[in-house]
Amino acid sequence: MADMPASTSGDFPPFRQRHLISIADLKQPEIIELLDRAERMVPVSRQERKSLPTLSGKTQINLFFEPSTRTQSSFEIAGKRLGALVVNMSVKSSSVSKGETLIDTAATLNAMRPDVLVVRHSAAGAVELLSQKVGCSVVNAGDGAHEHPTQALLDALTIRRHKGRINGLTVAICGDIANSRVARSNLLLLGALHVRTRVIAPRNLLPAGIEHLATEVFTDMEAGLKDVDVVMMLRLQHERASGKMIPSVREYYRFYGLDAERLAHAKPDAIVMHPGPMNRGVEIDPAIADSARSVITDQVEMGVAVRMAVLDALLSGEQA
């Protein structure tokens with residue numbers, strides 16, 4: 001899909017949502033609008049002067065209770081490219097680590113009058129709780145095994161740019177489905193856009209009720225990859241390889257690692273995705289990760305555009 005000229009929020013109607021906590025909160029037109037907004041942000045990051053004055057005078061606080069260099073950096077760059085004052089809070093050195101509760105933290109931050117909080121927390125539901133205690137917009141940058149909405153949006157944008165469409169495609173999500181907030185957000189978003197979704201995982205890494213989110217469920221990698229348009233691999237958490245969830249990393253790769261032989265079951269023009277960071281040789285063959293069919297680095301670039309779009313949409317809606 002060709003690049004579109006950069007645009008400010010004035011080209012779109014006021015965004016109705018105050019926060020972005022869950023993909024489930026978005027209606028299909030809102031998802032499409034965020035993707036369209038992000039599409040127009042892509043050229044901003046590619047031009048020599050990578051900035052818009054959209055959020056000039058606004059304050060963005062990135063509050064990460066668990067580390068994530070990639071996501072935090074992406075949000076920081078997104079805010080700065082829109083002209084916002086961006087503050088990264090180091091939770092380990094804050095009063096949170098000394099026993100302050102999440103609600104106390106919310107009250108303290110609220111007194112500083114930020115315009116948007118970007119929050120990552122290890123507990124599902126913590127971001128939503130915080131959003132109820134502050135007077136500004138809140139963006140969920142990942143909460144436990146619950147959701148990671150901007151990851152799903154950037155994945156959808158990457159797919160749309162490479163395939164020219166989303167509707168009518170078949171997407172396979174492979175790996176630790178049970179513990180993945182990325183998988184949940186993607187399944188919600190792709191389902192809202194009428195995409196045929198498949199999940200592929202060992203039986204003990206499939207959550208209860210997954211058949212209500214995914215179109216099809218597979219425990220066999222080759223069968224699940226047959227004729228798909230997109231292969232989305234998930235990172236295997238090292239703690240799953242303790243012998244309780246899977247026998248070993250080597251066994252996991254033997255049955256569920258993506259290599260050339262397994263990828264051959266997908267369509268010839270299928271693209272390969274991964275939210276990162278990758279465990280090379282565990283969930284994906286390095287040769288596949290670095291191949292022409294991999295769009296993993298494109299996902300990183302689209303992450304900045306999507307986060308610019310989300311910040312712009314939430315704060316422009318606030319102004320409307």
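1. Which residue forms a salt bridge with glutamate 222? The partner is arginine 262, and the closest N and O atoms of the pair are 3.0 Å apart. A salt bridge here is a side-chain nitrogen of Lys or Arg within 4 Å of a carboxyl oxygen of Asp or Glu. Helices (H or I, at least four residues) and strands (E, at least two) are DSSP runs, numbered from the N terminus.

2. The model is predicted: local features need pLDDT of at least 70, side-chain atom pairs count only at pLDDT 80 or more, and totals for chains, interfaces and linings use all residues. Residues are numbered from 1 along each chain as its sequence is written, and side-chain values use heavy atoms, with hydrogens and water left out.

3. Glutamate 222 is partly exposed, at a relative accessible area of 27%, whereas arginine 262 counts as buried at 8%. Buried means under 20% relative accessible area, exposed over 50%, and partly exposed in between (1.4 Å probe, protein chains only).

4. A search of the whole structure gives 18 salt bridges. One of them pairs aspartate 312 with arginine 37, with 3.5 Å between the closest N and O atoms. Aspartate 312 is in helix α11 (residues 296-319) and arginine 37 in helix α1 (residues 28-46), so the pair, 275 residues apart, links distant parts of the chain under the run-based numbering of elements. Aspartate 312 is buried, with a relative accessible area of 2%, and arginine 37 is buried too, at 1%.

5. Glutamate 216 and arginine 198 form another salt bridge, with the closest N and O atoms 2.9 Å apart. Here strand β7 (residues 216-218) holds glutamate 216 and strand β6 (residues 196-200) holds arginine 198, 18 residues apart. Arginine 198 counts as buried, at 12% relative accessibility.

6. A cavity is a set of points where a 1.4 Å probe fits but cannot get out; a pocket is an open set with protein on both sides within 12 Å along at least five of seven lines; lining residues have an atom within 4 Å of a point. Grid points are joined across faces, edges and corners, and a volume is the space filled by probe spheres set on the points.

7. The largest pocket has a volume of about 650 Å³. Its lining has 32 residues, of which Arg120, His148, Val182, Gly276 and Pro277 lie nearest the centre. Elements giving two or more residues to this lining are α2 (69-81), α5 (149-163), α6 (181-192) and α11. Helix α11 gives the most, with 6 residues. At least three lining residues come from each of domain 1 (19-148 + 301-316) and domain 2 (149-296), with bounds from an automatic or database domain assignment.

8. The pocket lining divides into 10 nonpolar, 14 polar and 8 charged residues. Ala, Val, Leu, Ile, Met, Phe, Trp, Tyr, Cys and Pro count as nonpolar, Asp, Glu, Lys and Arg as charged, and the others, Gly among them, as polar.

9. The search finds 1 cavity of 30 Å³ or more. Residues lining the largest cavity include Phe15, His19, Leu34 and Val310. Helix α11 supplies the largest share of this lining, 3 residues. The cavity lining has 7 nonpolar, 2 polar and no charged residues.
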